[in-house]
Structures are given as structure tokens and as C-alpha cells.
Amino acid sequence: MMLGFLLARAGVEVVVLEKHADFLRDFRGDTVHPSTLEVMHELGLLEEFLKLPHQEVRRLGGQIGEDFLQLADFSHLPTVCKFIALVPQWDFLDFLADKARRYPTFNLIMQAEVVDVIDDGGRIIGVAAKTPDGDLEVHADLTIGADGRGSIVRDRAGLEAQNFGAPMDVMWFRLSRKASDGEQTLGRICAGKMMVMLNRGDYWQCGYLIRKGEFENIKARGLEQFHRDVVSVAPFLKDRTNELADWEPIKLLTVRIDRLRNWYRPGLLCIGDAAHAMSPIGGVGINLAIQDAVATANILAERLYRNTASLADLEHVQLRRDFPTRMTQALQVFLQNNVISRVLDNPEFRLPWPMKLFNRWPFLRRIPARLVGVGFRAEHVRTANMLERKRARPPDKVYFSDVVIDILFLFFR
Ligand SMILES: Cc1cc2nc3c(=O)[nH]c(=O)nc-3n(C[C@H](O)[C@H](O)[C@H](O)COP(=O)(O)OP(=O)(O)OC[C@H]3O[C@@H](n4cnc5c(N)ncnc54)[C@H](O)[C@@H]3O)c2cc1C
């Protein structure tokens, strides 16, 4: 949606196909990070965006057994917003779609499920989709696969992925929130169990981590035992676990981390989870997908407008986004193997002593804040705005960290 918006804003004819009738899915994550808020600011949409109902997370912490860990503090970031905005993703997508509709070259077709790519002698020239009104073919100079971690586009195009595995899945459900619960969005670890709780105003969005493949065993042990498990990790929820009266409101979210070797083929480019499925660790997947969209628009918009985009331009997108993706996934794999697996395997898990330094020295909390809030390479909007007759522009801010990343990239690519 973000790429569709940016391309239409730059005058490129765009068709976005969405398989569902609306964006009202509960399991996409809600974390709009400072880097994405910066993009909204650069687009002149921030003020209006922040009028949507949202919560602002300025610090991240975790309860680990008896210890409380203050892990990240966003207040020092070099961004306009020094917080994560928790906005339901359906609101975010509706907002972007609404803004995109102002541009005459933007088209959004809901309930259009892509079922195949159209291959013309090795070049992808569009997609085939199913709609309630029958089959639809959309032909395009460039097809973008942005259909998430189960991407049919990358599958049908035969793009090969490297799978990094994940030891856990997530049980996703909500429980009501009381004022006395406190506000802080946090992770909780206790007695071999781990749960993340997102403050969504009048309810907690809970993500309860389980070992991969464990869901059926948990169901077999019964709902009452599951209530007890939840209470053991967050005792203050004892008076409301009965809101989960059956398994229906509890969704199993399958976690995976993978990455395409090549994100592109002639006529096709994959971005977001379709190019690199992200784990929920750090809640960075949405923001990485947005950064991909901004970089893609920066590199391709003008060329698509002039019909001069080449395979080398698609390669340029991958080169630009490969490094931040690799680094973020490497961190996620490290954390899932060294923290999450250990927590799930070991009821005696205690806060490792180096982590206690975060409580003692507040400046250390700037490091996770930077990694989570901005990531490894921040993208800035440089595309044209046809409606306001603003031309594409070079970046007006050069961040020191971006220069360092570019230098590292030259060495490690
Ligand atoms: C359990 C879990 C929790 C997570 N929590 C967070 C979080 O809190 N914060 C965060 O930043 N990240 C989170 N992530 C990661 C995040 O969800 C993804 O990285 C992010 O959504 C990727 O965005 P995307 O646009 O590439 O794909 P998606 O958000 O998956 O969007 C793909 C879109 O394509 C549509 N689509 C799919 N197939 C088709 C088709 N065949 N035809 C037409 N349309 C199609 C889908 O309906 C969807 O609208 C979480 C991941 C998991 C597994």
C-alpha cells in the first residue's frame, strides 16, 4: 500500500490488488516505529495520522521472573517522533489507501486474490487474480510481490528462498485492560513461559510464545490449563482469563524467517515479507516493509514514469535493502536461538547479568532503541509529488549512521 501510494503520488499508474474485502485482520502487528513516523512526516501526513486512536510507547521493558528490565528508551532518537505509535494496522492501511485515492493514477481492487503470475518468455508481464466478479488479468510493466510471508507471487515466479527456521509460534488473543494494570507495553518471562502484551487502550493484545508445533498439545491439555499458564506469566490477568471461553478467539500465528536469494526477475520485484519473512521479534517487520517501499519508490518511480526501468534498477533495490534485512534477521535469529529457545526450554531462566547493566546505565537503552526504532538504514522520501508539482529531490539530511552503514555495506556485500 505504501509503495502504491508513493508511486501514484509520483504520477505512475498503479493497481494494488488485495485479496480480502477489508483490512480488518487482527494479526498483522500494530507497531508503527519512529522510522515509519518519519516517513509520514516527510509525506506531510504525520499530524493527521496521529489523530487516529493510538498509544505512544516511549520505553520498552520486560518482566523476567522477579526482575524488571528497562530495555529501550526512544527519547534520544534523531527522529521527529521519539516513540512507537501503536495503531491497528487496518487503520494504518485505510489511512494510506484514503490518501492514495487522491491521486488519479492510484487504483485499489479489493477482493482480488492473485493466483498466478503471467510469464511471457521468461518475463513477468502481470498477474492473474480471482475476484467475486470472475477472473481478472492485470498486465504491468513491473509487478511487485508484496503479498506477505506466504507470498504466492514469489512462489509462482519460482524465486528461491533461504529458510532460517524459527523455534517458536505465537498464540494471539486479547484480554480486557484495566487502568490499574499499568500502561507499559512489555514482554513477560516466567517459569519457562513468555508473553508479549501490547497496550491497545481498553484491551491487551497478547502474544503467548510456544515451541513450534506445540499448539495441538496445548489444546489437548485443555483451556483451563492454558488459563493457568497465562496467569503464571501475568498474575494480574487472573480475573479475566475466562474471557477466553473457547479456543476460537485464540489464533495460532506461524513464525518464520526466510529471505529470497534474488528479490527480482525480469518484470518482477518482491519486497517486504514476500522478499524476507520477518519474525515478530522487535516488532520490526512492518517498518522494514515500509522502508523497502520507500527505497523502491526512490529508485524506480522516475524510471517507471518514463518507462525506462531496467533489470539493473531492480537489482539496485535489492542491493540497497539487502544489508539492513540481513542485519535485522541476523539479530532476530540470534535472539530466538539464545533467548527465546532458552526461555522455553528452561523454567529456571534468569536475567543474564550483562542485561542488568541496562537498568544501571540508562544510556545503554539507546542502542536497542536505535535498532528497533530506526533500524540499520533509514530511508527518506525523495519521490516527486505530482499533485503539488514537487519534483523528486536528493536527500536533504545525511545521517552519520547511514554513511557508516554504506561504508560497511561496501565491505560486506
Ligand atoms: C506473530 C507475528 C507477530 C508480528 N507482530 C509484528 C509487530 O507487532 N510489528 C511489526 O512491525 N511486525 C510484526 N510482525 C511481522 C509483520 O507482520 C510483517 O513483517 C509485515 O506485516 C510485513 O508486511 P508486508 O506488507 O510485507 O506483508 P503483510 O503485512 O503480510 O501484507 C500482505 C498483504 O497482501 C495480501 N495478500 C496476501 N496474499 C495475497 C494474494 N494472493 N492476492 C492479493 N493479496 C494478497 C494480504 O491480505 C495482506 O494485506 C509479526 C509477525 C508475526 C508472525
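How many positive and negative side chains does the protein have, and how far apart do the centres of the two sets lie? I found 54 positive and 53 negative side chains, with the two centres 5 Å apart. Lys and Arg count as positive, Asp and Glu as negative, while His and the chain ends are not counted. I placed each charge at NZ of Lys, CZ of Arg, CG of Asp or CD of Glu.

I note that this is a predicted model, in which local features need pLDDT of at least 70 and side-chain atom pairs count only at pLDDT 80 or more, whereas totals for chains, interfaces and linings use all residues. Residues are numbered from 1 along each chain as its sequence is written, and side-chain values use heavy atoms, without hydrogens and water.

Next I looked up the overall form. I listed twelve helices and 20 strands, taken as DSSP runs (H or I, at least four residues; E, at least two) and numbered from the N terminus. The C-alpha atoms fill a box of roughly 60 × 50 × 40 Å along the principal axes.

For burial, I read that 51% of the 413 residues are buried, meaning under 20% relative accessible area with a 1.4 Å probe, protein chains only.

Strand 19 pairs with strand 20 (residues 268-270) in the antiparallel sense over two bridges. I found R265 opposite L268 in strand 20.

Key
Buried means under 20% relative accessible area, exposed over 50%, partly exposed in between (1.4 Å probe, protein chains only). Two strands pair if DSSP finds at least two bridges between them.
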